[in-house]
Amino acid sequence: MGCCQSVESKRDWKPLEERCCTDIPWLIIFSAFCIGMICICGFAIATGAASRLISGYDSYGNTCGQKNTKVEGIELSGRDQTDNKYVFFLDPCNIDIINRKIKSMALCVSKCPDTELKTYYDLKKFALDNGSQLCSYEITPTRYPSHGERFSKCPKLPVPPSKSIPVFHRCVPVDVGCYAEFAQAFVTFVSDNSVIHRVIAGVMASKEIIMGLCLLALVLSLILMVVIRYISLVLVWILTALVVLGSIGGTGVLWWLYVDHRNALNEKTTSVFGKEVAADNVKALLVYAIGATIFTVVLLLLMFFMRKRVALTITLFHVAGKVFIHLPLLALQPFWTFLSLMLFWVYWIAVLLALGTAGNPVKNNSTGLVEYQNKGPLQYMVWYHAVGLIWISEFILAFQQMTIAGAVVTYYFTRNKSQISATPILTSMLRACRYHLGTIAKGSFIITLVKIPRLILTYIHNQLKGKENACARCMLKACVCCLWCLEKCLAYLNQNAYTATAINSTSFCTSARDAFIILVENAVRVAAINTVGDFVLFLGKVLVVACTAFAGVLALNYQREYTVWVLPLLIVCLFAFLVAHCFLSVFEMVVDVLFLCFAVDTKYNDGSPGREYYMDKALMEFVENSKKMGRYKPDEGDGREMKSMVSWKTLYSCVCTLFQSSLKANFQKIKSILATFK
């Protein structure tokens, strides 16, 4: 592995000089956890749950397509279903939405009925011709038309034509119209099926246009990542002008309304009751106008004093655009991350479905049919599997952040850009795999630790809507809100900790502390970048969505026979926003990494011999202009020691203590809320 001892005591920032394995214990813990996930998958396969999931099983515990063993207490179990490879539901449209299952008897058949069967004589003929019993096994095909229990143990007439699903061997009706009523429950504005049919017809007829527009959104997002460095200045000035004009205009309108209402009150043209209302309105308008004036003055003062900080944001956007020109494969990071997440989610869902059929067969006394129930340790496997979904998903996202941070750090701290390797992204990925998987595992676990109680509280709140009292509802919402805010703060700190790890090759806690110190020392710059920068990127997303929607309107205009454009345009706009969000989120990560590198560079270097800057020429010009205006003052001495480390360490430890106490408090609140509803 090429590991060396962790250097926890160092305080110097030495970019790219040393490389050590970090947080090895957490890598071991994460590896053990992944082995546990694999063992759960193996358990599902070994107990036959995977075969029941794929082949299906009937309502008597028989797995279709194989020989079965007898289930105690179930008379029709233990049948040889080798020739009956498909699952047939007597009433496939009887769906239990809450429990997510079909409330119907299931049988193993050798062939799905491919034509409509209208009478019991048709059922009898189909069973005799194909050897597929469509009624319960104890009823022979010759007795279908006259059997006394044919209404409960035979399929509901007429039996629609069906076909088997590839891989999963279930007979599904060819016409899915019977499921329309469930779709309508989620689409409240639809009053009849004709609207659904017109919308679906419009989508199917314009599927080529939808695919073309989605490709257009992808291309626009890629182009925007490169050209945003040229238009960021314009966007910032537009933002500034809108804020100034909006605040001044709003304040002016409020004062004008106050004067107008006061003059109307003094003219005494209203009734006594009207005078009281008018007097109240005048007082309210005066309060609003004074409040708006104070807000406008404070806002203008903040913008005046932060105008130079905005210049840093524009410069960072300019440099970030150059980074994407030198490292074009950064734009492909959302693809690899999305592909990894999709593969993992497919695996996770498959194992979860297998666990759903991995229980012991138990007879339901009310129906007399067999159900598989999860009892004992199997329930804990499901919870373990659920935690794995969150932790491993966060691990994949954190790996992307570490890869981007490593590539951008290498670009920033390499003086001669021609010496950068031909594949810096691949090099960063390999470096993260070799040295920093433990740090990624620890950072993603911290997010998981906060996300799990938040999701549990959200689930409890949704399940108890209308049942809990006002106090419990307020407590739940407050806890969810606090945990959400804590998760966002920790996610931002984690991202900067990964950057510090990529620079200094220190453990997660050391990197998080050092990054926290740098961010606090540059708090005003951070605020400017996060406000102005986020708004500029939001405008970029709006631009991509607007251009794609405009192109969609023009393209759909040539298909006027399909007047329902709502769903195609919604699909296109949603996809365009998601694509723009994915790509511009990568751009935002690059800007954040560049800022931390810039802050470290300006803290420990001043441009003198032996302490030359690493930064780009654009950032160098920003520093030089700041020096001329007297705003930038490099530290005295050699700048190699973090002089305020003791005080910042105290502050950082206080934040960590606050985080721990917050978690404990939230867990206690969860217990008290659960106890309230027992």
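Reader: How many cavities of 30 Å³ or more does the count come to?
Author: The count comes to five cavities of 30 Å³ or more. A cavity is a set of points on a 1 Å grid over the protein atoms alone where a 1.4 Å probe fits but cannot get out, while a pocket is an open set with protein on both sides within 12 Å along at least five of seven lines; lining residues have an atom within 4 Å of a point. This is a predicted model, in which local features need pLDDT of at least 70 and side-chain atom pairs count only at pLDDT 80 or more, whereas totals for chains, interfaces and linings use all residues. Residues are numbered from 1 along each chain as its sequence is written, and side-chain values use heavy atoms, with hydrogens and water left out.

Reader: What volume does the largest cavity have?
Author: Its volume is about 50 Å³, taken as the space filled by probe spheres set on grid points that are joined across faces, edges and corners.

Reader: And which residues line the largest cavity?
Author: The lining consists of Phe317, Ile529, Asn530, Gly533, Asp534, Leu537, Glu588, Val591 and Asp592. H16 and H17 are the elements that give two or more residues, and H16 gives the most, with five. Helices (H or I, at least four residues) and strands (E, at least two) are DSSP runs, numbered from the N terminus.

Reader: Turning to the second largest pocket, how much space lies in it?
Author: About 1,600 Å³ lies there. Of its 42 lining residues, Leu397, Gln401, His581, Ser585 and Met589 are the closest to the centre. Two or more residues each come from H10 (333-356), H11 (377-412), H13 (437-463), H14 (470-504), H16 (523-556) and H17 (566-604).

Reader: Which helix supplies the largest share of that lining?
Author: H17 does, with 12 residues.

Reader: How does the lining of this pocket divide by class?
Author: It has 24 nonpolar, 10 polar and eight charged residues. Ala, Val, Leu, Ile, Met, Phe, Trp, Tyr, Cys and Pro count as nonpolar, Asp, Glu, Lys and Arg as charged, and the others, Gly among them, as polar. For the largest cavity, the lining divides into four nonpolar, two polar and three charged residues.

Reader: Why is H15 described as largely enclosed?
Author: Because 11 of its 14 residues are buried, H15 is largely enclosed by the rest of the structure. Buried means under 20% relative accessible area (1.4 Å probe, protein chains only). Among the buried residues of H15 are Phe508, Arg513, Asp514 and Phe516.

Reader: What percentage of the protein do buried residues make up?
Author: They make up 44% of the 678 residues. The protein has 19 helices and eight strands.

Terms used. Buried means under 20% relative accessible area, exposed over 50%, partly exposed in between (1.4 Å probe, protein chains only).
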